[in-house]
Amino acid sequence: MAVNRVPVLKRCRSLGMDPIFLGIDKKSNRQLKRANRKISEYGLQLREKQKAKFIYGVLEKPFRNYYTKAKRMNGMTGENLMVILETRLDNVIFRMGFARTRREARQIVDHKHIRVNGKKVNIPSYLVSVGDVIEIAEKNKGSVKYKEITEVTSGRLVPEWLDVDAEALKGTVKEMPAREAIDVPVDEMLIVELYSK
């Protein structure tokens with residue numbers, strides 16, 4: 001499996017985004033030593049795609065598959081793509097506050113700590129549906145790890161489309177997220193333009 005080993009803050013700097021969107025509170029004091037070059041239209045489109053892939057931790061092939069799926073759905077392709085990315089299981093765990101970062105959420109899912117509707121799911125790219133009940137497995141609920149995580153993430157705002165019980169480490173998907181509810185700094189229209197060439 002391919003793993004992105006680029007330092008997170010360095011990648012955030014190169015994409016011109018704040019690490020807070022990844023759940024990281026660090027700030028980088030370094031500045032990019034880049035001349036004020038004008039970025040081409042293709043360059044802007046590519047940067048938006050790289051930003052979305054980096055934020056959600058998706059590689060190129062699955063990302064293209066999500067785009068194809070979004071194109072087949074009703075409605076606007078860009079908005080559909082963002083909704084698909086947002087409803088990935090690892091992202092939902094992160095949004096519920098059961099993980100500090102999406103990478104940690106991915107690891108939690110990989111280690112079989114998650115139950116969806118009572119069934120063990122260890123696929124981070126699993127797409128949740130309306131009404132799904134997502135919880136940490138009973139045997140892991142008492143661990144110190146999750147107490148620490150909930151303390152760190154307690155101040156984080158849970159999206160309106162999720163209903164979370166932080167004490168029971170359990171949550172429900174109330175509805176599919178609308179684009180307005182997704183606070184990710186990505187212009188999905190540029191991604192659509194890039195892929196529709």
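**Sheet, cores and rings**

Modeller: Let's start in the sheet: Asp165 sits opposite Lys170 of E5. This is a predicted model, in which local features need pLDDT of at least 70 and side-chain atom pairs count only at pLDDT 80 or more, while totals for chains, interfaces and linings use all residues. Numbering runs from 1 along each chain as its sequence is written, and side-chain values use heavy atoms, with hydrogens and water left out.

Colleague: What's the bridge partner of Asp163 in E5?

Modeller: Thr172. E4 and E5 run antiparallel and are joined by four bridges; strands pair here if DSSP finds at least two bridges between them.

Colleague: And which residue in that hairpin takes a positive phi?

Modeller: Leu169, near 50°, in the hairpin of E4 and E5 with its four residues between the strands.

Colleague: OK, zoom out. What's the strand order in the open sheet?

Modeller: E2-E1-E3-E5-E4, five strands with antiparallel pairing. Strand E2 (119–120) and strand E4 (162–165) are at the edges with a single partner strand each, so one side of each has no neighbour in the sheet.

Colleague: How many bridges does E3 make with E1?

Modeller: Three, antiparallel, between E1 (residues 114–116) and E3 (residues 133–136). Ile114 has Ile136 of E3 as its bridge partner. E3 also pairs with E5 (residues 170–173), again antiparallel and over three bridges, and there Ile134 faces Gly171.

Colleague: How many helices are there in the protein?

Modeller: Nine, plus five strands. The order from the N terminus is α-α-α-α-α-α-β-β-β-α-α-β-β-α.

Colleague: What percentage of the residues is buried?

Modeller: 42% of the 197 residues. Buried means under 20% relative accessible area, exposed over 50%, partly exposed in between, using a 1.4 Å probe and protein chains only.

Colleague: Which residues have the most contacts inside the largest nonpolar core?

Modeller: Tyr56, Phe63 and Leu85, in a core of 24 residues. A nonpolar core is a set of buried Ala, Val, Leu, Ile, Met, Phe, Trp, Tyr and Cys residues joined through side-chain atoms within 4.5 Å. At least two core residues come from each of H1 (8–15), H2 (41–56), H3 (60–72), H4 and H9 (188–195). H4 gives the largest share, five residues. There's another core apart from that one, with 22 residues, including Ile108, Val128, Ile136 and Trp161.

Colleague: What does Tyr56 touch?

Modeller: Leaving out residues up to four places away in sequence, its contacts include Met82, Leu85, Arg102 and Ile182. The charged end of Arg102 also sits over the Tyr56 ring, 5.0 Å from its centre. The test for that is NZ of Lys or CZ of Arg within 6 Å of the ring centre and within 35 degrees of the ring normal.

Colleague: Speaking of rings, how many aromatic pairs are there?

Modeller: Phe, Tyr and Trp rings (the six-membered one for Trp) pair if their centres lie within 6.5 Å; planes under 30 degrees apart are stacked, over 60 edge-to-face, and the rest tilted. By that rule there are two aromatic pairs. Phe63 and Tyr195 have ring centres 6.2 Å apart and planes at 35°, so that pair is tilted. Phe63 is in H3 and Tyr195 in H9, so the pair ties together parts 132 residues apart in sequence. Ring pairs link Phe63, Tyr67 and Tyr195 into a cluster.

Colleague: Is Tyr195 buried or exposed?

Modeller: Buried, at 10% relative accessibility. Phe63 is buried too, at 0%.

Colleague: Back to H1, then. Which residues are buried there?

Modeller: Val8, Arg11, Cys12 and Leu15. Down the helix axis they fall within an arc of 100°, so they line one face of H1; the arc is taken over directions from the axis to the C-beta atoms. They pack against H2 and H6 (102–110).

How values were computed:
Contact = heavy atoms within 4.5 Å.
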